[in-house]
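Colleague: I am new to this structure. Please take me through a few labels and what lies behind them.

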Amino acid sequence: MTTDPDRSPRERMVHSAARMMRERGVTGVGMRQIAADAEGPRGSLQRYFPGGKTQVMSEALDVAVADFSAGTRAAADADDLPSAIAIVVDSWRRVLLDNDFRAGCPIAAFVVDVSESEPLRVRAHDRFEQWRRAVASIYRGFGYDRARAWDEAILLISAIEGAALVARAGRTVEPLDAVERLLVDRARRGRAD
């Protein structure tokens, strides 16, 4: 449950939806489940979210992405690129371990379940692009040109996304450890690759 006395019932519902979406995907979460988990007034769902499930899931995605972005934000202050990469990967490792491998990437969960909903698909795409810009900015900070930084960012994101999925399936962080080793080694070799 996401009971927090400092949050309004509406905020609790959005946070519950974010957590449940990361665990079950969008289609695995119902509006009544969200209200019950947040101990919110079920009768107020329509008032709080006149756009229905699309609205609450859109807002939940933003909450979940903000939580997941902490590692990328911290990596921006790293002393070198290998350390920055290690910080980003470690933030994912901690999420998996702290949630007993139940929670995954909120954007990936969104994409898998919402391909039929254009507004939700676009929102997921926008959040991936936001993350890619943040990672590319880190690479730029360590001397990569704009095009190469953009490519390196999608490589890092894709590798982490895939490793996180495999890690959840196997209930082991070994895939993330392997991705970290390979990406850090690549960064140490420098921009000449």
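Colleague: Why is R132 called buried?

Modeller: Its relative accessibility is 13%. Buried means under 20% relative accessible area, exposed over 50%, and partly exposed in between, with a 1.4 Å probe and protein chains only. So R132 counts as buried. This is a predicted model: local features need pLDDT of at least 70, side-chain atom pairs count only at pLDDT 80 or more, and totals for chains, interfaces and linings use all residues. Residues are numbered from 1 along each chain as its sequence is written, and side-chain values use heavy atoms, with hydrogens and water left out.

Colleague: Where is R132, and which residues is it in contact with beyond its neighbours within four places in sequence?

Modeller: R132 is in helix 8, residues 118-141. Helices are DSSP runs (H or I, at least four residues), numbered from the N terminus. Its contacts (heavy atoms within 4.5 Å) beyond those neighbours are W150, D151, A153, I154 and I157. A polar atom of the R132 side chain lies 3.1 Å from the backbone oxygen of W150.

Colleague: What makes E39 partly exposed?

Modeller: E39 has 45% relative accessibility, so it counts as partly exposed. E39 sits in the loop between helix 2 (31-37) and helix 3 (45-48).

Colleague: What is the phi of E39?

Modeller: About 55 degrees, a positive value, although E39 is not a glycine. Most residues other than glycine have a negative phi.

Colleague: And F101, buried or exposed?

Modeller: At 10% relative accessibility, F101 counts as buried. F101 lies in the loop between helix 6 (81-98) and helix 7 (106-113). Its phi is positive too, near 65 degrees.

Notes
Helices (H or I, at least four residues) and strands (E, at least two) are DSSP runs, numbered from the N terminus. A polar contact is a pair of N or O atoms within 3.5 Å; within protein, one must be able to donate a hydrogen and the other to accept it, and residues adjacent in sequence count only if both atoms are side-chain atoms.
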